Amino acid sequence: LSPSQVLSEIKTTVFLIHDSYDGNTPVEDSRKIRDALPKDIPLYYSELSIMNHVTPNTFLSFDFIKLFWHVLSIVKLLT
């Protein structure tokens, strides 16, 4: 299920957001994906420090709502 297995097949804009303090998935994993994407793919990459790792227990937390608002502002900038 790793996205790294299909990176060469991606043909659309990629939004990659990772929290620097994620204790479950190292931020280096997202950096590797970012660096391995085809160079002609539009990429929006952000490293944040507003939450750790989204789980069902924290899905509607204040930190997640801040993240959602941040993502919404990025997408709105594209339209």
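Visitor: What makes the contact between the side chains of Arg31 and Glu28 a salt bridge?

Guide: The term requires a side-chain nitrogen of Lys or Arg within 4 Å of a carboxyl oxygen of Asp or Glu. For Arg31 and Glu28 the N to O distance is 3.8 Å, so the pair meets the rule. The two residues are three apart in helix H1, which separates them by about one helical turn. Helices here are DSSP runs (H or I, at least four residues), strands are E runs of at least two, and both are numbered from the N terminus.

Visitor: What kind of model is this, and which cut-offs apply to local features and side-chain atom pairs?

Guide: This is a predicted model, in which local features need pLDDT of at least 70 and side-chain atom pairs count only at pLDDT 80 or more, while totals for chains, interfaces and linings use all residues. Residues are numbered from 1 along each chain as its sequence is written, and side-chain values use heavy atoms, with hydrogens and water left out.

Visitor: What is the mean pLDDT of the protein chain?

Guide: The mean is 77, and 75% of the residues reach 70 or more; pLDDT is the predictor's confidence in each residue, from 0 to 100. Among the elements, H1 has the highest mean (91) and helix H2 (residues 62-78) the lowest (72). Where pLDDT is low, the predicted coordinates should not be read in detail.

Visitor: Which residue forms a salt bridge with Glu47?

Guide: Arg31 does, with the closest N and O atoms 2.8 Å apart. Glu47 lies in strand E2 and Arg31 in helix H1, so this pair ties together parts that are 16 residues apart in sequence.

Visitor: Why is Arg31 called partly exposed?

Guide: Buried means under 20% relative accessible area and exposed over 50%, with partly exposed in between (1.4 Å probe, protein chains only). Arg31 has 29%, so it falls in the middle class. Glu28 at 41% is also partly exposed, as is Glu47 at 31%.

Visitor: How do you know that the buried residues of H1 line one face of the helix?

Guide: The buried residues of H1 (residues 27-36) are Val27, Ser30 and Ile33. Seen down the helix axis, they fall within an arc of 120°, so they line one face; the arc is that of the directions from the axis to the C-beta atoms. Their cover includes strand E1 (14-19) and strand E2 (43-48).

Visitor: Which residues make up the largest nonpolar core?

Guide: Its six residues are Leu7, Val14, Leu16, Ile33, Leu37 and Ile41. Such a core is a set of buried Ala, Val, Leu, Ile, Met, Phe, Trp, Tyr and Cys residues joined through side-chain atoms within 4.5 Å.

Conventions:
Contact means heavy atoms within 4.5 Å.
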